[in-house]
Structures are given as structure tokens and as C-alpha cells.
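Subject: Structure handover

Hello,

Here is the structure I said I would pass on. My notes on it follow below.

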Amino acid sequence: MSTSSRQQLPDGPAVWCTNGPAAVAMWREMLPPGAYHRAAGRLRPGDTVVDIGANIGLMSVYCARTRPGVRVLAAEPAPALHACLERNLAEHAAPGWHAACVAVADRPGLLKFTYYPEAPGNSGLHADPDADDEITLTFLRNSGVDPEDAAELVEGLHEGVDLTVPAVTVSELLRRHAVERVDLLKVDVERAELEVLRGVEEEHWPLVGAVVAEVHDEDGRLAAVRDLLTARGFTVDVRQDPLLADTVLYDVEALRAV
């Protein structure tokens, strides 16, 4: 599958990745003024970050750089991305990190996962190449790219490779790694976000202090995520990156009400 190489990130470290331009694009999502930046800024040294849909680990790396000493438990099912995740956590995270090569869903089992070598950040359990093309086209147009150039850039971007991957729930991950609290639960799983949250058993929700998730608002998913989090005692804020206007992508930030 993909080979890995080191990529220098703008205003950031050099990391291992399978696709340099994709890594740079994903790193920009971590920087101000976005939701991931705000979430990382609320952490304290010694806090625990559970990174679901970790990809090559850029959110975990960003949190570790923002608040040295945070503990990281990350999950990524694509083997090529997981290999980079392990190397990046070894170089940038505090000792005691864990990187599981699994998908996270609402029940354990074996699931189909689509890996996009040219757009690894869009890989997922519920890949939709046409919809993913349209989101990327809109993002590029909103970024000022000429429509014809945008169409050329997107051509072939979401040609996928089908994998069969093991899946676990968030609660199973917490039990396996004896996690006593989750100061930040980050979820970026390309249309599986509601399934991930439904896989948190009721006994574990009191351990979670904050959630940041990218949500595809299809089939009422955004409202369902907001209702689930509100019912479990969180104050929920929903925002959309201006570059993603007219797409179904939203950022959900949830803080436990005091």
C-alpha cells in the first residue's frame, strides 16, 4: 500500500505521513482559529486525550505540543496510517501513549473500511466518493481556487481501496487501557461519528469532560449528535468553518456543564 515519508508541517514539526500535501492540509485544521485548536487549548498537563479516527496522529501531536505531558490513546484502522501514527506519537507524545489499529463503532466486529491513498483524511467506514468529491470541490472554490482547476485537482482523489478492519467501541478501548478519565474525546470518522458516540456506555460518560467532533450533517446526524451529548450533560456548540460553507461538514464542541 502507501509508503511513508517525513513531511515538514507549516508552523509545526516534521511528521511521518503517507501523503505530504494531505498532511499539510490536515495540519491546517489544527491551527487557530478552529475547533481543534480551541479544544487543545483547554487541556492541562497530565490530561488524557482519546483520539478516534486519528489518521497519522496530527490532533494528538498538536495536543501534546500545546500541553506537554498529556496522555494519548489513539485509534486508526488503516494499517499504512496507523504505522505513521505510531511513529509520530513515539516522537512527539509523552510516554505511555497507545495507538490501536482498529476502527471505532457502536459494536465490535469486522467492518469494511475504504482507504483513499490520495485523500487519506477522507477515508472511512461510510465512504461516498461522489459526496466526498463535492465537499472537496466546494472547499476548493471557497478557498479561491478556479472551478476548472478545482475539478482537475479532485479528479481521482477519492479512488478507494477496500479493507476489512476490526472494530471496537470507545468503552472497550477505555477498559483495555485502564483509562480513568477522558479530558478530551476527539471524533473524526467520516460519517461514523454518531456510531462512535453510541458506543460509549452509560457508565463511561461521566468520565468524559469534553468532546470535539467533525459531523457530516446527513440524515439528521447533526441533530442526533447534539441531542445525545445534551442528554448526557454537555453544553453543545456547533460551528462551520467558512471554507466549508454550503457543505454538510460541521464542528461540534461539547463541554460538560458544571
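Tyr250 touches Ala213, Glu214, Val215, Asp217, Leu222, Val238, Arg239 and Gln240, leaving out residues up to four places away in sequence; contact here means heavy atoms within 4.5 Å. Tyr250 lies in strand β12, residues 249-256. Helices (H or I, at least four residues) and strands (E, at least two) are DSSP runs, numbered from the N terminus. Tyr250 counts as partly exposed, at 24% relative accessibility. The cut-offs are under 20% relative accessible area for buried and over 50% for exposed, with partly exposed in between (1.4 Å probe, protein chains only). Between Tyr250 and Val238 there are 12 residues of sequence separation and 6.8 Å in space, C-alpha to C-alpha.

Before the rest, two notes on the source. This is a predicted model, in which local features need pLDDT of at least 70 and side-chain atom pairs count only at pLDDT 80 or more, while totals for chains, interfaces and linings use all residues. Residues are numbered from 1 along each chain as its sequence is written, and side-chain values use heavy atoms, with hydrogens and water left out.

The chain as a whole

The secondary structure consists of 9 helices and 12 strands. The chain is as compact as a globular protein of its length, because its radius of gyration is 17 Å, close to the 18 Å that the globule rule gives for 258 residues. That radius is taken over C-alpha atoms, and the rule is 2.2 Å times the number of residues to the power 0.38. Along the principal axes, the C-alpha atoms fill a box of roughly 50 × 40 × 35 Å.

Of the 258 residues, 51% are buried. Among contacts between residues at least 6 apart in sequence, 68% join residues at least 24 apart. The accessible surface is about 11,300 Å², and carbon and sulfur atoms account for 51% of that surface; the areas come from the Shrake-Rupley method with a 1.4 Å probe, and for residues only the protein chains shown count as cover.

As for charge, there are 23 positive and 41 negative side chains, and the centres of the two sets lie 9 Å apart. Lys and Arg count as positive and Asp and Glu as negative, with His and the chain ends not counted. Each charge is placed at NZ of Lys, CZ of Arg, CG of Asp or CD of Glu.

The core and α3

The largest nonpolar core has 79 residues, and those with the most contacts inside it are Ile52, Val211 and Leu229. α3 gives the most to this core, with 6 residues. A nonpolar core is a set of buried Ala, Val, Leu, Ile, Met, Phe, Trp, Tyr and Cys residues joined through side-chain atoms within 4.5 Å. Beyond four places in sequence, the residues that Val211 touches include Leu184, Leu197, Trp205, Leu229 and Phe234.

α3 is mostly covered, with 7 of its 9 residues buried. One of the buried residues of α3 is Ser60, which has a relative accessible area of 0%. Ser60 touches Asp51, Val72, Ala74 and Leu89, again not counting residues up to four places away in sequence.

Backbone points to check by eye

Most residues other than glycine have a negative phi, and most peptide bonds are trans. A cis peptide bond joins Pro32 and Pro33, with omega at about 5°. Pro33 is in the loop between α1 (20-28) and α2 (35-41).

Asn55 has a positive phi, near 60°. Asn55 is in the loop between β3 (48-52) and α3 (58-66), and is buried at 8% relative accessibility. Glu190 also has a positive phi, near 50°. The place of Glu190 is the loop between β9 (184-187) and α8 (193-198), where Glu190 is buried with a relative accessible area of 5%.

Two other residues

Ser5 is in strand β1, residues 5-8, and is partly exposed at 38% relative accessibility. Aside from neighbours within four places in sequence, Ser5 is in contact with Val15, Trp16 and Cys17. The C-alpha atoms of Ser5 and Val15 are separated by 8.1 Å.

Leu153 is in helix α6, residues 147-154, and is exposed, with a relative accessible area of 52%. Not counting residues up to four places away, Leu153 touches Leu140 and Val145.

Regards
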